[in-house]
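Welcome! Here is a short briefing to read alongside the structure. Keep the view open as you go through the points.

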Amino acid sequence: MVYDLIIVGLGPAGAGAAIYAKRSGLNVLCLEAEAPGGLLNRINTVDNYLGFPHTTGPELAALLFEQIRKLEIPFKIKKVTWIEGGETKKVHCDNEVFESKYVIIASGRKARKLGLKNEANLVNKGISYCAICDAALYKGKDVAVVGGGNSAIEEAIYIAKLVNKVYLIHRRDEFRADEKLVEELKKLPNVEILYNSNVTELIGTEKLEGIIVNGERKLDVACLFTYVGYEPQGDFLSDLEITDEKGYILVDDNYQTKEDGIYAVGDAILKKVYQIVTAASEGAVAALEVVKRVKNNN
Ligand code: NAP
């Protein structure tokens with residue numbers, strides 16, 4: 001079967017596209033490599049999404065998934081390995097190929113690594129990129145958070161409620177995060193902020209036993225939560241040549257890439273604002289563009 005539209009990724013951007021495409025009558029298929037909701041599943045607090053004065057990422061992800069199911073939008077948990085352009089697009093997964101007239105890529109971003117020796121081996125053994133998944137494991141212990149953006153500060157506030165002490169390690173002396181969040185963090189009695197500081201070494205082989213900061217100070221922390229930004233997930237895009245040198249997908253005003261009929265939305269594209277609300281809206285705009293083309297048969 002040749003679908004009208006295949007959507008790669010079912011976070012807010014992909015779900016936004018799926019809802020508009022399905023309600024407009026398109027024959028659509030969604031492919032998601034992990035859990036529906038994407039990065040939402042790893043965000044603790046969401047306070048800035050319309051209609052939700054205060055919710056959590058997983059809660060929003062569950063609601064979004066419920067909406068997908070209610071609309072009977074077909075989806076499969078499949079990792080896309082590569083996409084072939086042309087008049088009929090071929091979306092390759094590990095052992096299956098799906099065909100469609102149009103594709104919307106909404107594959108999002110993944111956490112950037114610090115790049116320290118032994119970091120990969122210590123993941124889930126004291127190195128974490130997901131406070132909502134792991135912070136409860138460190139109740140009563142000392143932990144560190146690295147980063148100075150909204151993610152690091154928001155997650156540090158969440159973690160501080162669960163653990164004994166949080167060291168917030170930031171490489172500069174001012175934060176990139178919203179002032180309101182920084183003020184909230186500074187009020188917490190069990191948070192120590194280390195400015196102009198970098199984690200230079202991870203101690204431990206089987207599990208994290210501590211970290212070294214600026215080559216000299218040892219902190220006996222049981223976990224290091226790393227929030228130093230994100231990078232696009234686009235390993236499957238190399239054949240298409242639609243990304244910049246950092247891997248972000250380049251799109252026009254209608255969210256179309258330079259490959260005709262292949263669109264991209266959400267955190268995977270190069271843009272100014274990376275928010276849930278922008279991702280959802282980009283998905284809707286791209287889907288309606290595809291709807292127009294399917295109806296006009298072009
Ligand atoms: P970000 O804004 O890119 O911040 C990354 C932080 O990590 C920066 O403080 C950066 O330091 C630091 N950093 C980068 N590489 C590092 C390294 N190798 N070693 C040590 N520190 C390093 O990333 P984010 O906080 O994940 O946010 C991503 C986007 O999502 C942003 O647009 C953000 O506003 C948005 N977001 C919004 C909300 C919200 O609205 N509530 C919540 C979360 C995220 P420098 O400052 O020195 O560059």
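Leaving aside residues up to four places away in sequence, Glu 282 touches Tyr 255, Val 265, Gly 266, Ile 269 and Lys 271. Please keep in mind that this is a predicted model.

**Glu 282**
- You will find Glu 282 in helix H6.
- Glu 282 has a relative accessible area of 5%, so this residue counts as buried, the cut-off for that being under 20%.

**The second largest pocket**
- The second largest pocket holds about 300 Å³ of space.
- Its lining is made up of 16 residues, and Ile 19, Tyr 49, Leu 64, Gln 67 and Ala 280 are the closest to its centre.
- At least two lining residues come from each of helix H1 (12-23), helix H2 (57-70) and helix H6 (276-295).
- H1 gives the largest share of this lining, with 5 residues.
- Sorted by class, the lining has 13 nonpolar and 3 polar residues, and no charged ones.

**Around the ligand**
- There are 20 residues around the ligand, and those that come nearest are Asn 48, Ser 151, Glu 154, Arg 172 and Arg 176.
- Gly 148 has a polar backbone atom 3.0 Å from an oxygen atom of the ligand.
- From Asn 150, a polar side-chain atom lies 2.9 Å from an oxygen atom of the ligand.
- In the side chain of Gln 275, an N or O atom is 3.3 Å from an oxygen atom of the ligand.

Methods. Residues are numbered from 1 along each chain as its sequence is written. This is a predicted model: local features need pLDDT of at least 70, side-chain atom pairs count only at pLDDT 80 or more; totals for chains, interfaces and linings use all residues. Side-chain values use heavy atoms; hydrogens and water are left out. On a 1 Å grid over the protein atoms alone, a cavity is a set of points where a 1.4 Å probe fits but cannot get out, and a pocket is an open set with protein on both sides within 12 Å along at least five of seven lines; lining residues have an atom within 4 Å of a point. Grid points are joined across faces, edges and corners, and a volume is the space filled by probe spheres set on the points. Helices (H or I, at least four residues) and strands (E, at least two) are DSSP runs, numbered from the N terminus. Ala, Val, Leu, Ile, Met, Phe, Trp, Tyr, Cys and Pro count as nonpolar, Asp, Glu, Lys and Arg as charged, and the others, Gly among them, as polar. Buried means under 20% relative accessible area, exposed over 50%, partly exposed in between (1.4 Å probe, protein chains only). Contact means heavy atoms within 4.5 Å. A residue is near a molecule or strand if one of its heavy atoms lies within 4 Å of it. A polar contact is a pair of N or O atoms within 3.5 Å; within protein, one must be able to donate a hydrogen and the other to accept it, and residues adjacent in sequence count only if both atoms are side-chain atoms.
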